[in-house]
2 protein chains.
Amino acid sequence: MSEFELIARHFAPCGGDDPSVRLGIGDDGAVVVPSDGEDLVFTCDALVEGIHLPMGAPPEAWGRRLVAVNLSDLGAMGAGPRWALLALTLPEFDDSWLSAFARGLGERLREAGVALVGGNTARGPRSATLTLVGSLPARSALTRGGGRSGDSVFVTGVLGAGGYARRLWNQGVRERALLAPYLEPNPPWRLGPALRGRTTGAIDISDGFLADLGHLLEAAGLGADIDIEALPLAPGLDSARRADLDLALAGGDDYELCFTARAEEDEPLRAEALRLGVRLTRVGSLTEAPGLRLFRGGEEVPLPKILGHDHARRAP
Amino acid sequence: MSEFELIARHFAPCGGDDPSVRLGIGDDGAVVVPSDGEDLVFTCDALVEGIHLPMGAPPEAWGRRLVAVNLSDLGAMGAGPRWALLALTLPEFDDSWLSAFARGLGERLREAGVALVGGNTARGPRSATLTLVGSLPARSALTRGGGRSGDSVFVTGVLGAGGYARRLWNQGVRERALLAPYLEPNPPWRLGPALRGRTTGAIDISDGFLADLGHLLEAAGLGADIDIEALPLAPGLDSARRADLDLALAGGDDYELCFTARAEEDEPLRAEALRLGVRLTRVGSLTEAPGLRLFRGGEEVPLPKILGHDHARRAP
């Protein structure tokens, strides 16, 4: 048995016992049974050491974050998660690292009801790529381009927590609870399916609230007015301090949802979020005038110099 | 527009115009429509620089090989390819590298009728992971454990060509035509769907004929007798030279299919292979006695010391 077959054993417990999986880990491919009349949603997000996670990040965090960032994408499409494939590249065989990674991965997959059905392992610089497959009723995916002027702009959770925790890591803090928003985000993906039929545009925040809202606006050909005083800033951040405000607006690593909806959906959406324990805040509205504008008590406030935190460029 | 959005533009032509793709590259996830009554087959294979491809390998070869190794896995399951997701990690933005990579990838995807529907790009050491999704009629996937004593053992194509070309690369040869079996393998994946219902076990050869046949034997709880004189050695290799024989038996990088079938399927299988232009050779048979045995003219010949070429360990 090769080293990498031993690795595969770490992941066998992540396979679950989903009856939709005819054949899981161990053959040339996995065989699954989609449900008639459902569309499938595919997403694929990678973690690269030194880019998405810092050198020395705990292995559980690798596993937990890898699932979280992909669930976040599926949530933004309104899909329920089903099956996953893992491509893992490691510089060396380290049984304790792998065991902790698989534990973090497995916990999050089980919570979400996802079966790990296959993947690939290779030697190389540390990185992990998860392909996550979800499903939803035909033609019900949440997309980006349907907003109209006057639609509400919502965000879930709080803004700036991921960037704030990232800053703590960079300052040498190593307490898991303080770092969790950065290392182990907990995206509100369960809200995604409840948004079907109610939104005019949806995206997950990952690069930063303004950068990701900007993608929604671009798709809709609209602008937005955002009320700074309405923004749900992370505890410890003060919107009167420009650096804190910029962290919330553009710090990245928050993994919340941002979506737009007709005004008549405000109350039904709030009720769904309440039912699922997700904090939901209306932070502004779409406008015919293109571009993003920030207001505080009716006064326009300048945008941050950079609207997002580009994971493609970062070396923390 | 970020650097990585520019990269995405290179891959837009790989999206195709498949009506089963409701939403391709550009949102948080891709949305596709599976066919009622079909199972899905997922596979996920990665190329890491310095492991699966040598430093300095041509970018077209990266693209072409990435598709090939994944098609090879789907073929071994009997599935027809449908959709793909690409996770690409690159140390730098190099437009000419990317353009050539996307050309190689796109050519092979188009030949196979596969739509690239999404993926991920990040900075980091050069690697590429493709998740390939195929489909087939419910419960028709080719698996590994169904062999019976007396079943024929077949291989497609020739053995040793990939390892021989890899050796040429390591010797400094840079002629594309000579290196193609290594850098741009051309697996006989189209034969896979034609094997449905006819095989008792199937696998793709990638680590080496004996190593991969060993996986079939393990799954079936059987052994095999292999006739060296029947082996389809690559041109230039001579089975009387032990080093050549070992390259064919265990050299890896061949990306052919190996499968077992009842004797009464020999003729129908040959006819299917002929129809598809795939060379097919019966090289031995399954035995109740466990283990692998090699014979030359009735005399048993020792096995190679190492049965395969482990991509997880290799640093060419």
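Two strands pair if DSSP finds at least two bridges between them. Helices (H or I, at least four residues) and strands (E, at least two) are DSSP runs, numbered from the N terminus. In strand 12 of chain A, A:Leu292 is the bridge partner of A:Ala224.

This is a predicted model, in which local features need pLDDT of at least 70, side-chain atom pairs count only at pLDDT 80 or more, and totals for chains, interfaces and linings use all residues. Residues are numbered from 1 along each chain as its sequence is written, while chains are lettered from A and ligands numbered from 1 in the order in which they are written.

Stay with A:Ala224 for a moment. This residue belongs to strand 9 (residues 223–227) of chain A, where the side chains alternate. A:Ala224 and A:Ile226 point to one face and are buried.

Strand 9 of chain A has partners of both kinds. With strand 12 (residues 291–296) of chain A the pairing is parallel, over 5 bridges. With strand 11 (residues 280–287) of chain A the pairing is antiparallel, over 4 bridges. In strand 11 of chain A, A:Leu286 is the bridge partner of A:Ala224. Strands of a sheet pair through backbone hydrogen bonds, either parallel or antiparallel.

The link between the chains lies in the pairing of strand 3 (residues 38–48) of chain A with strand 2 (residues 30–32) of chain B. These two strands are antiparallel and share 3 bridges. A:Val41 stands opposite B:Val31 there. Within chain A, strand 4 (residues 80–90) and strand 5 run parallel, joined by 8 bridges. A:Leu90 stands opposite A:Arg123 in strand 5 of chain A. Axes are lines fitted to C-alpha atoms, for helices over the stretch in contact, and angles run from 0 to 180 degrees between N-to-C directions.

Now the interface as a whole. 53 residues of chain B are in contact with 53 residues of chain A; contact means that the C-beta atoms of two residues, placed from the backbone, lie within 7 Å. Strand 3 (residues 38–48) of chain B gives the most to its chain's side, with 9 residues. That side divides into 26 nonpolar, 14 polar and 13 charged residues. Ala, Val, Leu, Ile, Met, Phe, Trp, Tyr, Cys and Pro count as nonpolar, Asp, Glu, Lys and Arg as charged, and the others, Gly among them, as polar.

How are the two copies related? A rotation of 180° with 0.0 Å of shift along its axis superposes chain B on chain A (RMSD 0.0 Å). The copies are thus related as by a two-fold rotation axis. They are superposed by least squares on the C-alpha atoms of residues with pLDDT of at least 70 in both. Of the residues of chain B, B:Asp36 comes closest to the axis, at 2.7 Å (C-alpha).

Chain B also shows helix packing. Helix 7 (residues 209–220) and helix 8 (residues 242–250) of chain B pack at about 40°, with axes 5 Å apart. They are therefore oblique to each other; angles under 35 degrees count as roughly parallel, over 145 as roughly antiparallel, 65 to 115 as roughly perpendicular and the rest as oblique. B:Phe209, B:Leu210 and B:Ala211 in helix 7 meet B:Ala248, B:Leu249 and B:Ala250 in helix 8. The residues of this contact are 6 nonpolar, no polar and no charged. Helix 4 and helix 7 of chain B are among what covers the buried residues of helix 8 of chain B.

Definitions and conventions:
Buried ≥ 20, exposed ≤ 12 C-beta atoms within 10 Å, placed from the backbone.
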